[in-house]
Amino acid sequence: MSSISSIFDNLQKNRWRISQTNAQERIEKLKNLRKHILQKRYDIYKALHDDFQKNEVEIELTEIQPTVAEINFCMKRLKKWMKPQRIKTPMMLMGTKSRLRYEARGVVLIISPWNYPFHLAVVPLISAIAAGNCVIVKPSEVTPHTSHLLCELISQVFDKNEVCVVEGDVSICQELLKFPFDHIFFTGSGRVGKHIMRAAAENLSSITLELGGKSPAIVDKTASIKSAAQRIMWGKFLNAGQTCVAPDYVLVHKEVHEMFIAAVKNVWKKFYGESSRPEVGQIVSEKHWERLATMLDEVIADGGKVVLGGQRECNHNYLAPTIVRDVSLTASIMKQEIFGPILPIVTYESLDEVTSFICNNDKPLAVYIFSHSRGNIQRILTNTTSGGTCVNNVAIHLGNPHLPFGGVNASGIGNYHGFHGFKTFSHARSILYQGPFSGLSFIYPPYREWTKKL
Ligand code: NAD
């Protein structure tokens, strides 16, 4: 506690100096961060492999490249983002001019999860640095190798009075949350998100919550079934299903259901060949493996049939990519986020069934629509809500830094990426300058002349 206290105090003392840095100084820091990331590329591979046997291609695709792309995007535009914006003046306020200035929030806390432990700690950090903040990063204790690596890397790039990594478990996180941060950026589960929100309330710290939930993929009669199967399976089995925006389950129209199952089988062959042990990442811990094994037992008990996969190895935290058909909307697997390589397939007959099921549950982080009917796409869009949506694909909306990324209520509060991240870590300060002439003389008392007119 005392060391957290001294870290926090040092950041507090330094925050005004850091907030006054100009765009070029911040760009230099981001450049240096990028240089160290690229130099440490193989150490990042090793840490992620040691944590949960993540393979190098997935590490490049989901951890390193998107992080570097975020730095590049930000460096290119930061000068423009930081420039005070001219704001219009209404007639009433003639003689004044208004500006909008993004200023640093101050000292911010970033709490990150284990599933993309590098990317989800560093991408918010990029926005926080761009906005001129002092930062504490608290990585997940579930992936300790990546947590140590982040600690080392960040201490090489930043002065400890500007950015500091505090490693540790839940108790450390709870200690951190007692401090009056100017902003808390949390990525993780909704359950913990509620603790974060309560703790933030004590200090009236502003918050961003990047949470999870059940993101449906809807496949209607008009969809290209082959590409729908391929894209859904890619998004689902990436990182062994441990992806916040993975399609959690598929709702497929009854008339194309068998076609979809056949397409899934073909894609399976392409992805995994004839292997009896399809290659998929490891489940991060025994606790999560047991949770998933129980979920699989329950869905089978609820009437679901395993079409493909299902192999488990407890001693290696291995669960094969698993497709389950004939799952009903009332099955227990439909009540909680799966966050693992199990894909339930549910059939539907009318879009009303689909939209009312989605709306009667927590607002999802993403809704994926596979359709070539504009009418159906619009019907789903206007009768549901979600953090984001991809039409005829999954998850790749994250890759467009011009789009804000975030959830809605149960799947999150606030957003980031690109300018949206810069805004999240900034306070938008409204400034009005009064010129020599003011048309507002009528606002001053005495109000006698006014009352006569009323
Ligand atoms: P988690 O909520 O268990 O933990 C996240 C962080 O919170 C960790 O650093 C942990 O140390 C800390 N923490 C845990 N319990 C705490 C408590 N009681 N008090 C204070 N801090 C605590 O989440 P996880 O298991 O690491 O990640 C999985 C969840 O995160 C899934 O629900 C997933 O959908 C979600 N997620 C969301 C996004 C997104 O961008 N929206 C991205 C990745 C993961």
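Predicted model: local features only at pLDDT ≥ 70, side-chain atom pairs only at ≥ 80, totals over all residues.
The protein chain is divided into domain 1, made of residues 4-82 + 101-211 + 417-427, and domain 2, which covers residues 216-410. The C-alpha centres of the two domains lie 30 Å apart, and where domain 1 and domain 2 meet, 17 residues of domain 1 are in contact with 18 residues of domain 2. On the side of domain 1 that touches domain 2, helix H4 (56-82) and helix H14 each supply at least two residues, and the largest share, 5 residues, comes from H4. Sorted by class, this side of domain 1 has 6 nonpolar, 7 polar and 4 charged residues.

The ligand is surrounded by 27 residues, of which the closest are Pro113, Gly188, Val192, Gly212 and Cys244. Two or more residues of this shell come from each of helix H7 (170-176) and helix H8 (190-203), and H7 gives the most, with 3 residues. By class, the shell has 12 nonpolar, 11 polar and 4 charged residues.

**Helix H11**

Helix H11 runs over residues 286-301, and at 1.5 Å a residue its 16 residues should span 22 Å, which agrees with the 22 Å between its end C-alpha atoms. Its buried residues are His288, Trp289, Leu292, Met295, Leu296 and Val299. Seen down the axis of H11, these buried residues fall within an arc of 125°, so they line one face of the helix. An α-helix has 3.6 residues a turn, so residues three or four places apart point the same way. What covers the buried residues of H11 includes strand S12 (318-319), strand S13 (322-325) and strand S14 (342-348). The face of H11 turned away from the buried side carries the exposed residues Glu286, Lys287, Thr294, Asp297 and Ala301. Just after H11 comes Gly303, which takes a positive phi of about 110°.

**Single residues in loops**

| Residue | Phi |
|---|---|
| Gly303 | about 110° |
| Asn392 | near 65° |
| His417 | near 90° |

Asn392, a residue other than glycine, is found in the loop between strand S16 (388-391) and strand S17 (412-413), and with 15 C-beta neighbours inside 10 Å it counts as partly exposed. His417, again a residue other than glycine, has its place in the loop between S17 and helix H14 (418-424). Is His417 buried or exposed? His417 is buried, because 26 other C-beta atoms lie within 10 Å.

Ala131 is found in the loop between helix H5 (119-130) and strand S4 (134-138), and it counts as buried, with 27 C-beta neighbours inside 10 Å. If its neighbours within four places in sequence are left aside, Ala131 is in contact with Tyr102, Ala104, Phe422, Phe425 and Ser426. Ala131 and Asn22 are 109 residues apart in sequence, while in space they are 9.9 Å apart, C-alpha to C-alpha.

Finally, the peptide bond from Pro445 to Pro446 is cis, with omega near 5°, and Pro446 lies in the loop between strand S18 (426-434) and helix H15 (448-453).

How values were computed: Residues numbered from 1 in each chain as written. Helix = DSSP H or I, 4+ residues; strand = E, 2+ residues; numbered from the N terminus. Expected span 1.5 Å × (residues − 1). Buried ≥ 20, exposed ≤ 12 C-beta atoms within 10 Å, placed from the backbone. Arc of directions from axis to C-beta. Contact = placed C-beta atoms within 7 Å. Near = placed C-beta within 6 Å. Nonpolar A, V, L, I, M, F, W, Y, C, P; charged D, E, K, R; others polar. Domains from an automatic or database assignment.
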